[in-house]
Amino acid sequence: MDLERFKTNIIPLRDKLFTTSLMLLGDKDDAEDSVQEALLKLWSIREKLDAYDNLGGFAMQTAKNIAIDKLRSRKMTVEPEDFYLGKSAHTPHSQMEEKESVELIRKIIDSLPQLQQRIILMRDVEGYELDEIAQIVGTQVSAVTMNLSRARKKVREKFLLINSYLQKSS
């Protein structure tokens, strides 16, 4: 594909790519960067683009994949302390309660069997997909799903038990 065909077929899709990236990323600057990266990637493989029947669909999928990669990289840098656990106002008291809850959840996760620990952190903190986790830990997706379910159930039960005990004693 030459420059003129690229300008005619790909560049007009820029607004659609931006809208999709913005919906996924929620940030205009990140969406703009994502679209720019997608256009650069498409330009770098321009010789192969003629093989695709639906250039718009391929361009859209490329932009979506780049946006998803950005989301994954964001998730991997998020610490559990960054999660907002409640809908109450950010008073010093509520912030302290949130911090204590996060610490408690972290301790509960640390008490899980190692495989469940690894799976719940990979899925809920790092944002890995189930099939990716299965590949990494060397098991079936069904085993990952079962371990994740058991881990979440244990965390929920222990958290509620400890939380109700703490509320009764105060």
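**Salt bridges and a helix crossing**

Modeller: Glu-32 has 30% relative accessibility and counts as partly exposed. The model is predicted.

Colleague: Why does Glu-32 count as partly exposed?

Modeller: Buried means under 20%, and exposed means over 50%. Glu-32 sits at 30%, so it is partly exposed.

Colleague: What makes Glu-32 and Arg-14 a salt bridge?

Modeller: Their closest N and O atoms are 2.3 Å apart. The cut-off is 4 Å, so the pair qualifies. Glu-32 lies in helix H3 and Arg-14 in helix H2, so the bridge ties together parts 18 residues apart in sequence.

Colleague: Why is Lys-70 with Glu-37 called a salt bridge?

Modeller: The closest N and O atoms are 3.9 Å apart. That is within 4 Å, so the pair counts. Lys-70 is in helix H4 and Glu-37 in helix H3, 33 residues apart. At 23% relative accessibility, Lys-70 is partly exposed. Glu-37, at 40%, is partly exposed too.

Colleague: How many salt bridges does the structure hold?

Modeller: Six. Among them is Asp-50 with Arg-5, at 2.7 Å from N to O.

Colleague: Why is H5 called oblique to H8?

Modeller: Their axes come within 10 Å and cross at roughly 130°. Perpendicular ends at 115 degrees and antiparallel starts over 145, so H5 is oblique to H8. The crossing is right-handed.

Colleague: Which residues make the contact of H5 with H8?

Modeller: H5 brings Ser-101, Leu-104, Ile-105, Ile-108 and Ile-109. H8 brings Lys-154, Val-155, Lys-158, Phe-159 and Ile-162. By class, seven are nonpolar, one is polar and two are charged.

Conventions
Residues numbered from 1 in each chain as written. Predicted model: local features only at pLDDT ≥ 70, side-chain atom pairs only at ≥ 80, totals over all residues. Heavy atoms only, no water. Axes fitted to C-alpha atoms, helices over the stretch in contact; angles between N-to-C directions. Helix = DSSP H or I, 4+ residues; strand = E, 2+ residues; numbered from the N terminus. Parallel < 35°, antiparallel > 145°, perpendicular 65-115°, else oblique. Left-handed = near helix turned anticlockwise from the far one by under 90°. Contact = heavy atoms within 4.5 Å. Nonpolar A, V, L, I, M, F, W, Y, C, P; charged D, E, K, R; others polar. Salt bridge = Lys/Arg side-chain N within 4 Å of Asp/Glu carboxyl O. Buried < 20%, exposed > 50% of the residue type's maximum accessible area, 1.4 Å probe, protein only.
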